[in-house]
Amino acid sequence: VLYYSAYGLTIEGRAVKFWHSDSGMYQEFDVAAGQEYAFSVEVLNSAVTKEVLKLWKGYLRAEFYDDSLTLSSSADLDTYDPETTDTPLETWETLSGEVTAPVGATKGRIVVGLKDHQPGAGGVLHFDNARVVAQGERR
């Protein structure tokens with residue numbers, strides 16, 4: 001994982017670049033059980049030689065924990081699949097999804113990264129502008 005600033009590969013000043021499968025990073029935040037949250041992140045598959053993502057998939061995941069940091073739920077909200085996307089190389093694509101914090105949850109995590117390592121997998125995926133926003137009334 002690389003936290004960097006490179007012209008054209010960030011939306012604002014900095015971004016994160018993943019180049020190995022089953023890797024990821026997260027940001028933790030306080031949640032209210034029963035509250036719905038909207039998660040999103042921008043991803044870019046670069047056209048730079050040897051960086052084009054092959055076979056690996058980028059993911060956006062929501063995780064919720066109780067006071068003792070025991071995982072109470074986890075959901076992959078969206079996936080970037082280089083084999084099925086309609087988004088051209090060098091174009092930012094939004095991964096997003098909404099989920100409600102379960103009963104007992106006090107912490108949430110927005111998790112992004114690469115998954116699904118297999119023979120022939122390679123390349124990198126750039127991530128920027130990850131965010132979580134509470135939606136409307138608690139349920």
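This talk covers the aromatic pairs and the charges over rings in the structure above.

The model is predicted, so to speak of local features requires pLDDT of at least 70, side-chain atom pairs count only at pLDDT 80 or more, and totals for chains, interfaces and linings use all residues. Residues are numbered from 1 along each chain as its sequence is written, and side-chain values use heavy atoms, with hydrogens and water left out.

Aromatic pairs come up first. Searching the whole structure gives 4 of them. Rings of Phe, Tyr and Trp (its six-membered ring) pair if their centres lie within 6.5 Å; planes under 30 degrees apart are stacked, over 60 edge-to-face, and the rest tilted.

One of the pairs is Tyr 37 with Phe 64, tilted, at 6.4 Å between centres and 45° between planes. Tyr 37 is in strand 4 (residues 36–44) and Phe 64 in strand 5 (residues 57–65), 27 residues apart. Strands here are DSSP runs of E, at least two residues, numbered from the N terminus.

Phe 64 also pairs with Phe 39, edge-to-face, at 6.5 Å and 85°. Phe 39 is in strand 4, and 25 residues separate it from Phe 64 in strand 5.

Tyr 37 is buried because its value is 7%; Phe 64 is buried at 1%, and Phe 39 is buried at 1%. Together with Phe 29, these residues form one aromatic cluster.

Now the charges. A charge sits over a ring if NZ of Lys or CZ of Arg is within 6 Å of the ring centre and within 35 degrees of the ring normal. Arg 61 lies over the face of Tyr 59, 4.3 Å from the ring centre. Arg 109 lies over Tyr 26, at 4.0 Å.

Conventions. Helix = DSSP H or I, 4+ residues; strand = E, 2+ residues; numbered from the N terminus. Buried < 20%, exposed > 50% of the residue type's maximum accessible area, 1.4 Å probe, protein only.
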